[in-house]
Amino acid sequence: MQSIPVDGTRLGTMTCIVAPEARIANRDTGEVRKDREGQTVYTVGVAVRQDGRRASIIEISVSGEPVGVVEGVRVRVTGLTAFSWAMGDRHGLSFRADAITPVPAVAPAASRKGGDA
């Protein structure tokens with residue numbers, strides 16, 4: 001599997017569209033996937049949209065539950081890496097990140113009404 005670092009700052013706006021879900025390692029037993037340190041691995045569905053382009057949907061795996069990441073929240077993805085994979089005649093890319101965090105909401109600028117003197 002080839003590892004490809006991804007510059008997340010060039011991806012544009014990223015929004016959580018599927019809240020974090022624990023990855024399942026074994027569907028028969030319901031066992032959850034763990035990383036090398038024993039943390040649960042979560043998957044987050046993220047819509048990525050660059051200015052003037054259509055949105056793409058990617059699923060990103062991350063160790064530990066991303067706190068504050070819920071559907072509809074803009075997110076920041078740190079340490080994003082893509083991995084190419086192949087299984088028989090199927091192939092694709094999977095994504096992993098060091099962290100996924102919510103982007104703090106920007107307070108709207110206060111509007112001035114009337115004639116403040």
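Strands S5 and S6 (residues 56-63) run antiparallel and are joined by eight bridges. Strands are DSSP runs of E of at least two residues, numbered from the N terminus. Two strands count as paired if DSSP finds at least two bridges between them. The structure is a predicted model, in which local features need pLDDT of at least 70, side-chain atom pairs count only at pLDDT 80 or more, and totals for chains, interfaces and linings use all residues. Residues are numbered from 1 along each chain as its sequence is written, and side-chain values use heavy atoms, with hydrogens and water left out.

S5 and S6 form a hairpin. Six residues lie between the two strands. In the turn, Gly-52 has a positive phi of about 75°. Within the pair, Val-41 has Ser-63 of S6 as its bridge partner.

S5 also pairs with S2. The two strands, S2 and S5 (residues 41-49), are antiparallel and share seven bridges. Thr-13 stands opposite Arg-49 in S5. Met-14 stands opposite Val-48 in S5.

These pairings belong to an open sheet of six strands. The strand order is S1-S8-S9-S6-S5-S2, and the pairing is mixed. S1 (3-5) and S2 (13-22) are the edge strands, each pairing on one side only. On average, neighbouring strands of this sheet are turned by 30° against each other, direction ignored.

The whole chain contains zero helices and 10 strands. Its pattern along the sequence is β-β-β-β-β-β-β-β-β-β. Of its 117 residues, 26% are buried. Buried means under 20% relative accessible area, exposed means over 50%, and partly exposed lies in between (1.4 Å probe, protein chains only). The accessible surface of the chain comes to about 8600 Å². Carbon and sulfur atoms hold 49% of that surface. These areas come from the Shrake-Rupley method with a 1.4 Å probe; for residues, only the protein chains shown count as cover. Among contacts (heavy atoms within 4.5 Å) with a separation of 6 or more, 54% link residues 24 or more positions apart.

S5 is mostly covered, with eight of its nine residues buried. The largest nonpolar core has 18 residues. Such a core is a set of buried Ala, Val, Leu, Ile, Met, Phe, Trp, Tyr and Cys residues joined through side-chain atoms within 4.5 Å. Met-14, Val-46, Ile-60, Val-75, Val-77, Leu-80 and Ile-100 touch the most other members. S2, S5, S6, S7 (75-78) and S9 (90-97) each supply at least two core residues. S5 gives the largest share, four residues. Beyond four places in sequence, Val-46 touches Met-14, Thr-15, Ile-17, Ser-56, Ile-57, Ile-58, Ile-60 and Val-75.

Tyr-42 also lies in S5. Tyr-42 counts as buried because its relative accessibility is 16%. Tyr-42 and Ser-61 are 19 residues apart in sequence, yet their C-alpha atoms are 5.5 Å apart. Leaving aside neighbours within four places in sequence, Tyr-42 is in contact with residues including Pro-20, Glu-21, Ala-22, Arg-23, Ser-61 and Pro-66.

Thr-40 is found in the loop between S4 (31-32) and S5. Thr-40 is buried, since its relative accessible area is 17%. The side chains of Thr-40 and Lys-34 make a polar contact of 3.1 Å. A polar contact is a pair of N or O atoms within 3.5 Å; within protein, one must be able to donate a hydrogen and the other to accept it, and residues adjacent in sequence count only if both atoms are side-chain atoms. Not counting residues up to four places away, Thr-40 touches Ala-22, Val-32, Arg-33, Lys-34, Val-62, Ser-63 and Gly-64.

Two further threonines were examined. Thr-81 lies in S8 (residues 81-87) and is buried, with a relative accessible area of 17%. Beyond four places in sequence, Thr-81 touches Ser-3, Ile-4, Pro-5, Val-6, Ser-94, Phe-95 and Arg-96. Thr-9 lies in the loop between S1 and S2. Thr-9 counts as exposed because its relative accessibility is 71%. The side chain of Thr-9 makes a polar contact of 2.5 Å with the side chain of Asp-7. Thr-9 and Arg-76 are 67 residues apart in sequence and 8.9 Å apart in space, C-alpha to C-alpha.

Notes. Axes are lines fitted to C-alpha atoms, for helices over the stretch in contact, and angles run from 0 to 180 degrees between N-to-C directions.
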